[in-house]
Amino acid sequence: LPPHTRGMADWGTHCAGLALVVPLMCATSGAPPTRIAVLGAGGGALPAFLHAALPRVVVDAVELSNEVCAVAREYFGLGAAEATGRLRLHEDCAFSWLERTAPASLDLIVVDLESDSLALAAPGMPLAPPAQALEPSFIALARSKLTPRGILAFNTLGTADAIESMA
């Protein structure tokens, strides 16, 4: 693990689970990914993991909050990862960023966004992903940005019924 991530309690579960997509890509297409987008970078655990674990991959991490980006850069090592040129932290709306991305340019899109709804998941717990990420128009947009072997993955939070109620 990168030094700035040691001790993060949820590192292994969260990142290892989402990172299982990479071997799946290799097994089904015979080639590793070259460009990954993480929509909803947060503190940067998943983007930092992908950057460290996949030295030939460029990771685009998108986070709406400039305050969260500043913390991720200063305290969680994303500033150093950005300096390598293989991790780019974009302070932007994930949906807008994806619209501007070139067609067929991403091998993997990980939607790691939370909704504003707290009541549907559990008291005080956000629901993920937001309803907009489940809309057919978003799925079509994401599909247009993926390479032919690309994968769209979602990190979900909440009950299946709660997530389905948003779709």
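## Aromatic pairing

Rings of Phe, Tyr and Trp (its six-membered ring) pair if their centres lie within 6.5 Å; planes under 30 degrees apart count as stacked, over 60 as edge-to-face and the rest as tilted. By this rule there is one aromatic pair. The ring centres of F95 and F138 lie 5.4 Å apart and their planes stand at 80°, so the pair is edge-to-face. F95 sits in helix α6 (residues 94-100) and F138 in helix α7 (residues 136-145), so the pair ties together parts that are 43 residues apart in sequence.

Buried here means under 20% relative accessible area, exposed over 50%, and partly exposed in between, with a 1.4 Å probe and protein chains only.

## Basis of the model

This is a predicted model: local features need pLDDT of at least 70, side-chain atom pairs count only at pLDDT 80 or more, and totals for chains, interfaces and linings use all residues. Residues are numbered from 1 along each chain as its sequence is written, and side-chain values use heavy atoms, with hydrogens and water left out.

Helices (H or I, at least four residues) and strands (E, at least two) are DSSP runs, numbered from the N terminus.

The structure holds six salt bridges. A salt bridge is a side-chain nitrogen of Lys or Arg within 4 Å of a carboxyl oxygen of Asp or Glu.

The D60 and R35 side chains meet at 2.7 Å, N to O. D60 lies in strand β2 (residues 58-63) and R35 in strand β1, so this pair ties together parts that are 25 residues apart in sequence. Both D60 and R35 are buried. The salt bridge between R88 and D60 has its closest N and O atoms 2.7 Å apart. That pair links distant parts of the chain, with R88 in strand β3 (residues 87-91) and D60 in strand β2, 28 residues apart. D60 has a relative accessible area of 0%. R88 is partly exposed, at 34%.

## The D107 and R149 bridge

D107 and R149 also form a salt bridge through their side chains (3.3 Å, N to O). This pair too links distant parts of the chain: D107 is in strand β4 and R149 in strand β5 (residues 146-154), 42 residues apart. D107 counts as buried, at 3% relative accessibility. R149 is partly exposed, with a relative accessible area of 26%.

T34 lies in the loop between α2 (21-29) and β1 (35-39). T34 is partly exposed, with a relative accessible area of 47%.

What does T34 touch beyond its neighbours within four places in sequence? The contacts are R56, V57, V58, D107 and R149. Contact means heavy atoms within 4.5 Å. D107 and R149 in this list are the partners in the salt bridge at 3.3 Å, N to O. T34 and P55 are 21 residues apart in sequence, and their C-alpha atoms are 9.6 Å apart in space.

## Backbone at A104

A104 is not a glycine, yet A104 has a positive phi of about 50°. A104 is found in the loop between α6 and β4 (106-111). At 42% relative accessibility, A104 counts as partly exposed.
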